[in-house]
Amino acid sequence: MGWLNKIFKGSVNRVSRGHYDGHWHEGNQSEHTRDAYDESDSEDIARAIALSLAEQDPNKGKAIDPDYSLEEDEQLARALQESLNTESPPRQNAPVENVPSESIPAREPHQPVLPSSGFRTCAGCRKPIGHGRFLSCMDEVWHPQCFKCYACNKPISEYEFAMHEDQPYHKSCYKDFFHPKCDVCKNFIPTNKNGLIEYRAHPFWMQKYCPSHEDDGTPRCCSCERMEPTDIKYITLDDGRKLCLECLTSATMDSPECQHLYMDIQEFFEGLNMKVEQQVPLLLVERQALNEALEAEKSGHHLPETRGLCLSEEQIVRTILKRPTIGPGNRIMDMITGPYKLVRRCEVTAILILYGLPRLQTGSILAHEMMHAYLRLKGYRSLSPQVEEGICQVLSHLWLESEIIAGASGNTASSSASSSSSSAAPTSSKKGAKTEFEKKLGAFIKNQIETDSSVEYGDGFRAGIQAVEQYGLRSTLDHMRLTGSFPY
């Protein structure tokens, strides 16, 4: 019976279907599975049993001895039946640790086509496995060198591997491709105490960053609010504000430079039949000068961080006379300022704007303050903070639309503004196309106006823009003059 024992031992040397279990398997019969036996195999085994019994029975062809015991034959039959019915080991799903949890999709068992020789086919090269080493995973069999990472195309020899869209990956390759990285420190975003990946993201720019950067002093751009990455150095203004390099390209740095933008916005107001007759000085100032002017002003409604002021009082303001330069360490230097005495010739003495902001942001602030000046000069009295700040935000929003949405010269500021004006529609204040970043920045500033949560600026804007869209700008202003409120 020694020959039969070799058959049973060789046939069970196999790899179960499922995840790669990390072991190499050797053996003449290692490429066969129990369910691969066909009827010819069973017949061969039966003939082998008969041959073995015949060799051991000297009375072959003779009458059977009535005292012959059947115990040995019954044991042999049971052993053969149990061997043929042996089940494959259960599949094992090996978890991938420290990788973003992504379950390996359940797949229907797929039985590779067996050639007539009885050998299985490699799922990678589609050639027969043959004798020797092979892997069994993902319901297939593979040559060891054919089971490769989808990312780096190198063989996977580790016990654990990751899956994405039915493709295998090294754990390290999977992490490089699919584990989110911080846009600030450029490192992989760490998992929290519960093993989950947790990060913060800017609601508009979708800049992803580690939660720790909110408390570790990482600076933000004073214009677009994006955090400073470790591999890029922002510009440091003399008042401590940071300015990213994209915002710097169109930043307005001194009062003379801002006069062209001031003229553009005056033309915009004229296009809405809202010409400001008086010549109101426009001055670009540092933060300290802006705060000092705010303290000297007796009235007005302002945000916690003021970027613009419409002044009504006489005072002396220090303004920026010459554009500063960028020195070592990306710091602003050679700032030249000078005093400017404000004289009260009308209800408005000057408009002050914080320096160092991109042109679109400077323009949106200037349009807001110009509307304050218009209301004061045209005798709009006793307006509530919500109504006055709301309509000023509406004009800022309309100017941004004329710059970004309408775009080219000759397009209207907005459908609501043009319908309310009897004169020609204002043109785009910046001739030529905007860069992609300028378009994105303009959309960001508009989004800030639209989503402001404050009562005066946010709720006031939403009530004002609804009135303008429904009744037109001119009818809304007439109603405000009579009632001090928006029409509903």
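Here is a short chat about side-chain contacts in this predicted model.

Visitor: Are the ring planes of Trp205 and Phe437 stacked, edge-to-face or tilted?

Guide: A search of the whole structure turns up 13 aromatic pairs. For Trp205 and Phe437, the ring centres lie 5.9 Å apart and the planes make an angle of 15 degrees. Planes under 30 degrees apart count as stacked, so this pair is stacked.

Visitor: How far apart in sequence are the parts that Trp205 and Phe437 tie together?

Guide: Trp205 is in the loop between strand 5 and strand 6, while Phe437 belongs to helix 11. Because of those placements, the pair ties together parts separated in sequence by 232 residues.

Visitor: Is Phe437 buried or exposed?

Guide: Buried means under 20% relative accessible area. Phe437 comes in at 18%, so it counts as buried.

Visitor: Which helix holds the Glu246 end of the salt bridge with Arg226?

Guide: The side chains of Glu246 and Arg226 meet at 3.3 Å, N to O. Arg226 sits in the loop between strand 6 and strand 7, so the bridge ties together parts 20 residues apart in sequence. Glu246, for its part, lies in helix 5.

Visitor: And which helix holds both Asp459 and Arg462?

Guide: These two side chains form a salt bridge at 3.0 Å, N to O. Asp459 and Arg462 are three residues apart, about one turn of the helix, and both lie in helix 12.

Visitor: Which ring does the charged end of Lys440 sit over?

Guide: The charged end of Lys440 is 4.8 Å from the ring centre in question. That ring belongs to Phe204.

Key
Residues numbered from 1 in each chain as written. Predicted model: local features only at pLDDT ≥ 70, side-chain atom pairs only at ≥ 80, totals over all residues. Heavy atoms only, no water. Phe/Tyr/Trp six-rings, centres within 6.5 Å; stacked < 30°, edge-to-face > 60°. Helix = DSSP H or I, 4+ residues; strand = E, 2+ residues; numbered from the N terminus. Buried < 20%, exposed > 50% of the residue type's maximum accessible area, 1.4 Å probe, protein only. Lys NZ or Arg CZ within 6 Å of the ring centre and 35° of its normal. Salt bridge = Lys/Arg side-chain N within 4 Å of Asp/Glu carboxyl O.
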